[in-house]
Amino acid sequence: MRLTGYFMPTLKETPSEAQIVSHRLMLRAGMIRQASAGIYSWLPLGVRVLKNIERIVREEQDLAGAQEVLMPTIQAADLWQKSGRYDAYGPEMLRITDRHGREMLYGPTNEELITDIFQHSVKSYRDVPKMLYHIQWKFRDEVRPRFGIMRGREFLMKDNYSFDLDFAGAKKSYNKMFVSYLRTFARLGLKAIPMAAESGPIGGDLSHEFIILADTGESAVYCHRDFIDFDVLGQTIDYDGDLEPIVNHWTKLYARTDDMHDPAAFDKQVPADKQISNRGIEVGHIFYFGTKYSEPLGAVVSSAEGQPVPVHMGSYGIGVSRLAGAIIEASHDENGIIWPESVAPFHVGLINLKASDAACAKVCDDLYGKLRAAGVEVLYDDRDERPGTKFASMDLIGLPWQLVVGPRGVDKGVVELKRRRSGEREEISADAAMARLTA
RNA sequence: CGGGGCGUAGCUCAGCCUGGUAGAGUGCCUGCUUUGGGAGCAGGAAGCCGGAGGUUCGAAUCCUCUCGCCCCGACCA
């Protein structure tokens, strides 16, 4: 993409409404634009990031055996009346009346709808287990939206719902999602730590929040330092096999959010030099809730003995749009965003330091063509701007690599390859740079 | 929902107290100079001063109402 033709309205100054770093940087980088309180439009650069996050989430859901569906944003109120949540949900739920006076709502979540879909078609124990997920916009009328995209009223979320015959089955589904989440966040370049969370009236330990550590996080979290070095991507996962050992490995050490924190247990279980107490951002939440919705909504299957049994369910959420902000919170410096490779809107930024110089332009155009031909996503700054402006905006938008071509280097037959994350630069030939970027 | 604050040019803000018909920086457009970390000079375009009432000869400025947005707290993916 040539920057001269790209819609990327960057800002030199920080808009006054933005307080936290991800919000400021997303606005400055031209990723989003506020439409109203807690509601945002996504501009081209932001959409590219969002799509990358979505892609990874989707791939990992599919890998774990879940199937994608797509449920509507607007739902009829009657299912919610059946589950009892229409009254329980309160003003956070945006209620709408259609032209016929029918009560509708903009979905804040989808348990009712998915359970209804399931119960219409599934009647036998032979048809479970099933895991169905979708990635859809949701709306929660937060009293006080804030932190930009991190806590908007409208947000993009992946939610998955599992259906099993009994608790043992549900636990297997839970484990699949647990491991799937570890992989998903790791691929997004994040250190996400599963922390014991409130599981509501069901009780037990089957609820985990996946938290990333960031100083600007919204809640206090406490955990063992060894989590930082845990790795999940180095092993092959067999989702049909026993996942319990992996789950155990990731849950045996102390990790709790503020509301579950027990200072005495923390001190007892974690040596002082291994204690981390920090702020954290919740990027995912998984829980088992048994028959809470299957009973009132009639999601019942026949057991092998011919007896009707309500299915055991779990639900598993990932805040897709929130992740865009969370990744920035976890990965930036004073100059701007530092995207992990997997979600970067482009792989490399090609900077022509002197657009008016024919030799420079020749080298750049050539590199641009070759990179594109090689399938490398490249943003080519071909603007007639000063070098400082170009460096600043490229650092701001945080592409993993910068390929800098200036008259000085072109004379010597070299270009400069800069790593955004470390700031390392090296002068190498254009061919060598190509080889590096296509490796 | 309790408490606080802010709406003036795309962005950051001054002007408001003490009423006299719109400002700066930056960004944008033109030209010249410049060219390795958000340049310099000159010229230019750009605002229903959030909206509605009111007071006044006259309102960005004073009064009332209203809408929007932000911050702290409680709450939340």
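Helix axes in this briefing are lines fitted to C-alpha atoms over the stretch in contact, and angles run from 0 to 180 degrees between N-to-C directions. With helices (H or I, at least four residues) and strands (E, at least two) taken as DSSP runs numbered from the N terminus, helix α11 (residues 358-373) and helix α14 (residues 430-438) pack at an angle of about 25°, with their axes 11 Å apart. That angle makes α11 roughly parallel to α14, where under 35 degrees counts as roughly parallel, over 145 as roughly antiparallel, 65 to 115 as roughly perpendicular and the rest as oblique.

This is a predicted model, in which local features need pLDDT of at least 70 and side-chain atom pairs count only at pLDDT 80 or more, while totals for chains, interfaces and linings use all residues. Residues are numbered from 1 along each chain as its sequence is written, and side-chain values use heavy atoms, with hydrogens and water left out.

**Helix pairs**

- In the pair already described, Leu-367, Lys-370 and Leu-371 of α11 meet Ala-430, Asp-431, Met-434 and Leu-437 of α14, contact meaning heavy atoms within 4.5 Å.
- Helix α1 (residues 21-28) and helix α10 (residues 320-330) pack at an angle of about 110°, with their axes 8 Å apart, and are therefore roughly perpendicular to each other.
- The contact between them is made by Val-21, Ser-22, Leu-25 and Met-26 of α1 and by Ala-324, Gly-325, Ile-328 and Glu-329 of α10.

- Five strands form an open sheet with mixed pairing, in the order β20-β19-β21-β22-β23, where two strands pair if DSSP finds at least two bridges between them.
- The edge strands, each pairing on one side only, are β20 (378-381) and β23 (425-428), and the twist averages 20° from one strand to the next.
- Strand β22 (residues 415-419) and β23 pair in the antiparallel sense over four bridges, and Val-415 stands opposite Ile-428 in β23.
- Helix α11 lies across β19 (348-352), β20, β21 (401-405) and β22, running at about 165° to β19, whereas α14 lies across β19, β21, β22 and β23, running at about 125° to β23.

**Other strands**

- An open sheet of three strands has the order β4-β6-β5 with antiparallel pairing; β4 (74-76) and β5 (94-97) are its edge strands, and its twist averages 35° from one strand to the next.
- Three bridges join β4 to the antiparallel strand β6 (residues 103-106), with Ala-76 standing opposite Met-104 in β6.
- Strand β9 (residues 192-196) is largely enclosed by the rest of the structure, because four of its five residues are buried, that is, under 20% relative accessible area, with exposed over 50% and partly exposed in between (1.4 Å probe, protein chains only).
- β9 pairs with strand β10 (residues 207-213) in the antiparallel sense over five bridges, and Met-195 stands opposite Glu-209 in β10.

Technical notes: Chains are lettered from A and ligands numbered from 1 in the order in which they are written.
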